[in-house]
Amino acid sequence: MELEIVALVVSPVHRYEGRPRDGVLPYDGDESPTTVQVRAHRGLVGDRFFGTRHSRYAVTFFAAEQIDWLQDEIAGEGLFPATTEPFDPVLARRNVVTRGLDVDALVRTTFTIDAGHGPIRFISRTAASPCAWMNEVYAPGAHRALRGRGGIRAEPLDDGVLAVGPATIGEISPLGA
């Protein structure tokens, strides 16, 4: 099945730390590369979760369509008429932002993504829950609205490269099957 990787987010620092009212932590580096190295059981090279005890959840996937839906749900209802800019899916701070893929349906599966550099297998054991920061970076009510739409957490099972652009997904298998 064809999809698009619209953005990659790789950050050595946790920018949404502390209380949302304190604001987003600054970072001067490039957090949106066009390619990223993936390492089996370790995560994305350069990301703050790479090689940590959180390797089972080191890579997060998110569907850009959920932010489109959020904007329609929140700004489209006229609740925030000052919102004239499209919501940016990168602000959700998920590592791999896709378009054309029902990411939330991949929870508790193994799947393969090929972004033109060879297939990489992933295992997803849990959903990725949105946090209160969504109310700050999008609009009040975003945190609640994104519950059940926050993407997935996954562990890479192979080394490889992910890249922004066209990709395919295949070999989707439910866990325990």
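Helices here are DSSP runs of H or I with at least four residues, strands are DSSP runs of E with at least two, and both are numbered from the N terminus. Read from the N terminus, the elements of the protein chain run β-β-β-β-α-β-β-β-α-α-β-β-β. That gives 3 helices and 10 strands.

Some housekeeping. Residue numbers start from 1 along each chain as its sequence is written, and side-chain values use heavy atoms, with hydrogens and water left out. The model is predicted: local features need pLDDT of at least 70, side-chain atom pairs count only at pLDDT 80 or more, and totals for chains, interfaces and linings use all residues.

Now the chain as a whole. Of its 177 residues, 45% are buried; buried means under 20% relative accessible area, exposed means over 50%, and partly exposed is in between, with a 1.4 Å probe and protein chains only. The accessible surface comes to about 8900 Å², and carbon and sulfur atoms hold 49% of that. Those areas are from the Shrake-Rupley method with a 1.4 Å probe, and for residues only the protein chains shown count as cover. Contact means heavy atoms within 4.5 Å. Among contacts with a separation of 6 or more, 77% are between residues 24 or more positions apart.

Next, the strands. Two strands pair if DSSP finds at least two bridges between them. Strand S10, residues 165–174, pairs antiparallel with strand S1, residues 2–8, over 4 bridges. In that pairing Leu-3 is opposite Ala-167. S10 also pairs antiparallel with strand S6, residues 109–114, over 5 bridges, and there Asp-114 faces Thr-168. In the loop between strand S5 (96–99) and S6 sits Arg-108. Its phi is near 65 degrees, which is positive in a residue other than glycine.

There is also an open sheet of 3 strands, ordered S3-S2-S9, with antiparallel pairing. S3 and strand S9 (160–163) are at the edges with a single partner strand each, so one side of each has no neighbour in the sheet. Strand S2, residues 35–39, is joined to S3 by 2 bridges, and Arg-39 stands opposite Gly-43.

His-41 belongs to the loop between S2 and S3. Phi of His-41 is near 60 degrees, again a positive value in a residue other than glycine. His-41 counts as partly exposed because its relative accessibility is 44%.

Is Ser-55 buried or exposed? Buried, because its relative accessibility is 15%. Apart from neighbours within four places in sequence, Ser-55 is in contact with His-41, Arg-42, Ala-154 and Glu-155.

Last, the cavity. On a 1 Å grid over the protein atoms alone, a cavity is a set of points where a 1.4 Å probe fits but cannot get out, and lining residues have an atom within 4 Å of a point. Points are joined across faces, edges and corners, and a volume is the space filled by probe spheres set on them. How many cavities of 30 Å³ or more does this give? The count is 1. The largest cavity holds about 40 Å³. Its lining is Phe-62, Ala-92, Arg-94, Pro-130, Met-134, Leu-146 and Gly-150. By class that is 5 nonpolar, 1 polar and 1 charged, where Ala, Val, Leu, Ile, Met, Phe, Trp, Tyr, Cys and Pro count as nonpolar, Asp, Glu, Lys and Arg as charged, and the others, Gly among them, as polar.

Definitions and conventions. 1 Å grid on protein atoms, 1.4 Å probe; cavity = no way out; pocket = protein on both sides within 12 Å on 5 of 7 lines; lining within 4 Å.
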